[in-house]
Structure formats: structure tokens, C-alpha cells
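Hi there,

Here is the structure I promised to pass on. Please have a look, and my notes follow below.

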Amino acid sequence: MLDRDVVEKFIDCKFKDLQLKVPEDIDSKALVEAFCQYTEDDYYEWLKDNFKSFFNHGDPDWEWIRRKIVLLQTAQK
């Protein structure tokens with residue numbers, strides 16, 4: 001779940017950069033919530049697609065996964 005306060009600040013900053021204004025009949029909190037819902041829905045679909053790819057559609061390549069883990073661990077040192 002997204003932090004609504006962080007998203008609100010992000011939207012405010014981007015709107016300033018783009019010189020956009022929220023129409024008066026749209027509540028800013030409702031706009032933030034709608035954007036968060038949109039983003040979370042998209043994020044869930046993105047996760048599902050990446051899960052399928054990472055785990056090879058139910059036939060995981062464990063050697064490839066092990067190499068990914070080793071590379072990650074090496075990079076963190």
C-alpha cells in the first residue's frame with residue numbers, strides 16, 4: 001500500500017513542474033486516492049507478470065535464481 005502523504009507530495013511537485021492545476025471541482029485527497037488505486041492496481045499486475053517470468057511460468061530455473069541471489073549478495077558487500 002502506498003503512503004498517501006508521500007504520493008500527495010509527489011503529485012504536488014510534479015504538478016508544479018508541469019504547471020498544472022487541479023480543477024476546483026476535484027478534491028485533492030480524492031485525486032490522490034484515485035491515483036494510488038490506479039498505481040496499486042497496475043503494480044499488482046506488474047508483480048504478477050514478473051512472478052511468471054522470474055519463476056518461468058511454474059518451472060523455475062533454480063540455477064539462474066541462485067546466480068541472481070549470489071550477484072545480489074555480492075553487490076551488497
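Tyr43 is partly exposed, at a relative accessible area of 48% (buried is under 20%, exposed over 50%, partly exposed in between, with a 1.4 Å probe and protein chains only). Trp46 is also partly exposed, at 47%. The two rings form a stacked aromatic pair, 5.7 Å centre to centre with 20° between the planes. Rings of Phe, Tyr and Trp (its six-membered ring) pair if their centres lie within 6.5 Å, and planes under 30 degrees apart count as stacked, over 60 as edge-to-face and the rest as tilted. Because Tyr43 and Trp46 are 3 residues apart in helix H2, about one helical turn separates them.

Before you read on: this is a predicted model, where local features need pLDDT of at least 70 and side-chain atom pairs count only at pLDDT 80 or more, while totals for chains, interfaces and linings use all residues. Residues are numbered from 1 along each chain as its sequence is written, and side-chain values use heavy atoms, without hydrogens and water.

Across the whole structure, the search finds 5 aromatic pairs. One aromatic cluster consists of Phe51, Phe54, Phe55, Trp62 and Trp64.

Now the helices (DSSP runs of H or I, at least four residues, numbered from the N terminus). The axes of H1 (residues 4-18) and H2 (residues 28-54) come within 10 Å and cross at roughly 105° (lines fitted to C-alpha atoms over the stretch in contact, with angles from 0 to 180 degrees between N-to-C directions). H1 is therefore roughly perpendicular to H2 (65 to 115 degrees).

Best wishes

Key: Helices (H or I, at least four residues) and strands (E, at least two) are DSSP runs, numbered from the N terminus. Angles under 35 degrees count as roughly parallel, over 145 as roughly antiparallel, 65 to 115 as roughly perpendicular and the rest as oblique.
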